[in-house]
Amino acid sequence: MVKQNPKIEISDLKVRYDDVHAINGISFDILENEIFGIIGPAQSGKTTLLKVINRTIDFSPEARVTGRVKVDGKDVMRVGNVYALRRKIGMVSPLPVGLPLSIYDNVAFAPRMAGIRERSQLDELVEKCLHQAALWDEVKDRLHSLGTKLSGGQQQRLTIARALSHEPEILCLDEFSIAIDPVTTMKIEDVLKQLRSKMTVILVTNLVQQARRLADRTAFMMNGELVEVGSNDVIFSDNPANRKTYEYVNGIFG
Amino acid sequence: MGRGRLEIIAESLIEWVIRLCGISAIIFIFAIFLFVFKEGAEFLFNELDLTEFFFSKEWYPTSGYNKRYGVLALIVGTGSVTILAMLIAVPFGLGAAVFISEFCGPRLKESLKILIELLAAIPSVVWGFIGLTVINQLIIHVFNAPVGLNILNGGIILALMSVPIIVSIGEDALKAVPDSYREAAVAMGATRWQLIRRVLLPAAKNGLLAAALLGVGRAVGETMAVLMATGHSVNMPNSVLDSVRTLTATIAAELGEAPVNSDHYQVLFIIGLLLFSITFVVNMTADLIVRGVRKK
């Protein structure tokens, strides 16, 4: 196997919201072109970690971040152009957020912000992204109706299409399949496997089996601590390094 | 047993009192309209030439031998002052609303909101006084005008009076935009300006429109401040430096002088009806728009 470069380096990251410690000193690397799963029960700090990576943690003024998260070797908390950082990262949040725009405009939002104006280029991009999110066939006849009128699952796929639209280097999926039926979930999982050749995918999921199916490596977090990180062969084997990992993965607790 | 009956009676009594309070608002509105209508009805149906009323600029209600009741100049007065006021107040008000809702920190936000509410609580006669003294002098100096009581003065005063309404309603509209929209746009790398222009303004546009319309309603109905600031002379203006007179100010100034039930008295009530209709239409439109927002 080719040695992969680290895309994101996390060292001794701690995040505190007032008195609540959300992340309690975690360190690991996420490699280029891998699918990296993060599993763990609620309140384990998974979503907070994603917020630090794309610096949307800035919108929680009570949060205190110490330690270091580097993307491409640059400390995200000190990066000068935070908008450029965020454009590098596609984010799909657990509850679908269709912007109050048409389906087309939702997907074309980020490319337009990046300065693409040409109609044909946008058309092509929108179609490609909607295809990738397994949504094209359902919406191709009503691209100009409101995105917020779609069903929950369709909106979720719309946000995936949107996250792909600015061709991010890192794609973060936070519980993406929460509102999607299993068949569609499978379609999107297939897409994610293909995307691995182009980008780094971080997959935060409550579905342990989803991490097992998709991820190359997986981290198991609990109460803001990293319990174990390793390749899926180890994490999902009968003998992971930590007993808790085995118990969680096999549904003995959590 | 007796106590149970008492409770039932008390309960229904309270219910009726509350119901009456609610209905009274409707009764008052209709009563006011009916009263105003009744005072002007006789003249409206028998003698008033509506074409002359709306299209003549001759307002001579007290002329000895040839009374003329044309309110065109007054409508133009109200319209010009209102339009100028909105040209100033809508950009400032909406800008302030965006600033308060999106840019400033929580502490500054609280103090700004209190200050703006204070601005709304200043009595209109005080605004008129400021127009009469401060802005009057300013306009004379800056524009070298013979008098400073004109459309410009009235427009500025009215703008200052409408801004608080526009700011607070506009800020409410922006606050009603779900945070998830902001997060989604920001996560895609939108800058603050892109976020405001591409997401917040389109999402809040109905509420912001309603804010502007309520500002218009406020401006059309204002009386004392414009009476003091516009110069109060019946005149078809050629520029913003000309004095005008508004519909509201005419009623306020002349009603006390007009003999009860005279033609003049009745025409003033017809002007009242006209104002009533204008503000009713403006408020109704604003209300329908706000309702449209809630439905979505």
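Predicted model: local features only at pLDDT ≥ 70, side-chain atom pairs only at ≥ 80, totals over all residues.
Helices here are DSSP runs (H or I, at least four residues), numbered from the N terminus. Helix 3 of chain B has a kink of about 30° at Ala89(B), shortly before the proline Pro91(B), the bend at a residue being the angle between axes fitted to the seven residues ending there and the seven starting there.

Local features need pLDDT of at least 70 and side-chain atom pairs count only at pLDDT 80 or more, while totals for chains, interfaces and linings use all residues. Residues are numbered from 1 along each chain as its sequence is written, chains are lettered from A and ligands numbered from 1 in the order in which they are written, and side-chain values use heavy atoms, with hydrogens and water left out.

## Helices 3 and 8 of chain B

Helix 3 of chain B packs against helix 8 of chain B (residues 192–203) at about 110°, with the axes 12 Å apart; axes are lines fitted to C-alpha atoms, for helices over the stretch in contact, and angles run from 0 to 180 degrees between N-to-C directions. The two helices are therefore roughly perpendicular to each other (65 to 115 degrees; under 35 is roughly parallel, over 145 roughly antiparallel and the rest oblique). Val98(B), Glu102(B) and Phe103(B) of helix 3 of chain B meet Arg192(B), Ile196(B), Leu200(B) and Leu201(B) of helix 8 of chain B, contact meaning heavy atoms within 4.5 Å.

## Helices 6 and 9 of chain B

Helix 6 of chain B (residues 151–175) and helix 9 of chain B (residues 205–221) pack at about 155°, with their axes 8 Å apart, which makes them roughly antiparallel. Among the contact residues are Ile165(B) and Ile169(B) of helix 6 of chain B and Leu208(B) and Arg218(B) of helix 9 of chain B.

## Helices 4 and 6 of chain A

In chain A, the axes of helix 4 (residues 119–132) and helix 6 (residues 152–165) come within 8 Å and cross at roughly 130°, so helix 4 of chain A is oblique to helix 6 of chain A. Their contact joins Leu125(A), Cys129(A), Leu130(A) and Gln132(A) of helix 4 of chain A to Leu158(A), Ala161(A), Leu164(A) and Ser165(A) of helix 6 of chain A.
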